[in-house]
Amino acid sequence: MQTGPEKSHVSRTDRSCRLIVRNLPFVTSKEDLRDVFAKVGAISEVAIPPCKDKRFPKSCAGFGFVNFVKKSDAAKAIEQLNFIQFKGRKIAVDWAVNKDDYVTNVITSEKKEGQKPADDEEKGNDENVGSSEEDEDKLNLDYEDDESITDECHDEDEDENSSDGESADNITDDDNEKEVDQNKKEKNPKKKEDLAVREGRVLFLRNLSFNTDKEQLEDTFSDFGEIQLAIVCCFSGSEHSKGTAFLHFKSKEGADSALQALNSEEGVLIDGRRINGVIAVPRVEASQFQNKEVGQKNVKDKRNLHLLRASFIRPGTADANNMSQHDTEKRQKLASLAKNKLRNLLMFVSPTRLVIYNVPRNWTDKTLRSRCIVATGNKDAQLTECKIWKDFTKLDARGLPESMGYAFVGFSKHEDAYACLKKMNNNPDIFTTDKRPIVQFCIENLQAVRSKERKLVKSKLPKGTDSGALKKLPVPTVDPAVEKAVEKTKALLSQGGQKSLPKRFGLKIRHRDGNKGKTQNKGKASRKRKSQSTSGKPVKKTKLNTKGVTKSLTMM
């Protein structure tokens with residue numbers, strides 16, 4: 001049995017032959033998995049992520065990856081090995097997809113179906129992605145709280161037990177009004193509040209196996225007290241479990257004793273998995289908890305999307321005066337690319353790193369660095385990066401790589417980066433009039449940033465350091481001063497309800513016909529008075545606005 005982790009030398013193109021194997025026993029090793037799949041064809045890699053729980057260091061996470069040399073062998077493995085018995089459990093074999101695509105597709109589909117994304121712990125045991133669980137813990141995605149999920153699943157049970165509505169308070173003698181009131185009640189039935197939730201007799205359970213059913217839950221937790229109802233939460237439109245459930249106890253003492261057992265050192269195991277649990281709360285209270293944490297009604301902008309508004313210039317506005325057609329088209333193209341990139345939920349806007357386009361070909365890194373420092377207005381501004389991208393396949397007359405016309409500039413403080421952007425963006429005095437600087441906050445991949453940070457930490461460790469020591473190091477966090485400055489900038493850019501990027505990027509059209517109707521009405525009134533005067537009918541006199549006349553005279 002191999003002791004060290006198996007290193008992967010698989011290229012990106014070979015990932016098309018990669019399979020994910022789910023529902024593995026927790027004692028499965030790489031050799032066990034290799035022996036089963038090697039009968040189908042040649043294997044280049046086998047990976048099984050370890051269990052997150054430190055108390056079970058020798059256990060696996062319950063899923064693994066197998067990479068075949070040939071795609072035909074991978075397809076054959078799905079046909080032959082899917083749902084076979086492996087160490088007493090039925091394994092599920094399917095194609096593995098890219099982590100970014102999978103996370104984005106799952107959360108997007110759940111939002112479309114009206115579901116809320118599950119927490120990281122649930123997804124860590126079911127994602128068909130090509131990376132370890134360690135990376136998943138570090139993803140700071142914009143997920144909802146567990147309490148919201150708890151209440152949403154619980155509403156399904158409330159809907160079943162809710163009545164068709166209550167009688168109206170004021171009922172008239174008119175039969176027609178009675179029928180109208182009755183129709184309204186049928187369309188908008190009032191939900192009854194679940195008394196068990198209010199009394200604290202309902203537990204919300206997580207980290208369940210996808211094979212766990214309500215009978216197993218009742219058998220396991222019946223020792224703590226009588227159970228009235230057990231609900232396993234499933235995805236909408238299917239019977240596939242989410243790995244979460246609700247337990248309704250008859251007494252609060254039973255729920256408290258079960259919760260105490262869940263939080264003990266031994267814990268409660270079902271199908272070899274340690275179960276986590278909390279007291280379920282109503283939807284109203286769950287939303288209040290979330291609002292207190294965020295500090296406002298809307299969800300916090302954790303991906304800094306509103307920072308893109310700082311560099312956006314729409315054609316037809318005052319900022320776009322004398323802008324060349326080249327810059328106008330390029331800005332619209334870059335805005336569309338940014339919108340497409342941010343559909344991936346792992347992409348975020350860096351608050352301290354800028355990307356600058358239209359950099360002159362003859363500029364050097366040193367020239368750009370000095371210009372950026374001057375643009376900040378702070379002589380003590382610190383740049384962590386200033387690099388013009390070069391094309392090493394093309395050489396200039398001096399034999400040096402040609403500039404690709406864009407550069408990345410990083411600052412240690414957000415205030416300096418924002419000041420540099422405001423000063424340089426669309427400034428005709430810095431580059432050229434036809435090709436002005438296009439400065440934006442850089443869009444980055446969270447996984448790539450985390451990987452870069454880990455490599456930096458690893459390079460500082462002394463040689464011969466155990467690889468396990470690297471995993472124990474804390475994850476680098478955002479500087480509180482930078483985070484505070486970013487929130488201040490986002491509040492400024494989102495004033496008036498502005499979005500990060502508009503839905504359309506075309507010409508700004510001013511609606512100047514708003515008073516057209518008033519002008520037409522005014523013309524009709526004047527013509528009416530004129531006709532009345534010619535016909536001999538008395539014309540109604542209007543009251544003189546003496547206040548307005550006095551004000552006009554005093555201003556003369």
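Q: What's the relative accessible area of Asp 396?
A: Asp 396 comes out at 25%, so it's partly exposed. Buried means under 20% relative accessible area, exposed over 50%, and partly exposed in between (1.4 Å probe, protein chains only). Keep in mind this is a predicted model: local features need pLDDT of at least 70, side-chain atom pairs count only at pLDDT 80 or more, and totals for chains, interfaces and linings use all residues. Residues are numbered from 1 along each chain as its sequence is written, and side-chain values use heavy atoms, leaving out hydrogens and water.

Q: Which residue does Asp 396 form a salt bridge with?
A: That's Arg 398, with the closest N and O atoms 3.5 Å apart. A salt bridge here is a side-chain nitrogen of Lys or Arg within 4 Å of a carboxyl oxygen of Asp or Glu. Arg 398 is exposed, at 68% relative accessibility.

Q: Are Glu 385 and Arg 353 buried or exposed?
A: Both are buried.

Q: How many salt bridges in total?
A: The count is 11. One of them links Asp 256 and Lys 252, at 3.1 Å, N to O. Those two sit in helix H10, four residues apart, about one turn of the helix.

Q: Switching to rings: how many aromatic pairs?
A: Eight. Among them, Phe 221 and Phe 224 are tilted, 6.0 Å centre to centre with 45° between the planes. Rings of Phe, Tyr and Trp (its six-membered ring) pair if their centres lie within 6.5 Å; planes under 30 degrees apart are stacked, over 60 edge-to-face, the rest tilted.

Q: And which of those two Phe residues is buried?
A: Phe 221, at 0% relative accessible area; Phe 224 is partly exposed at 27%.

Q: Which residues make up the aromatic cluster?
A: Tyr 357, Trp 389, Tyr 406 and Phe 408 form one cluster. Lys 387 also puts its charged end over the ring of Trp 389, 5.1 Å from the centre. That needs NZ of Lys or CZ of Arg within 6 Å of the ring centre and within 35 degrees of the ring normal.
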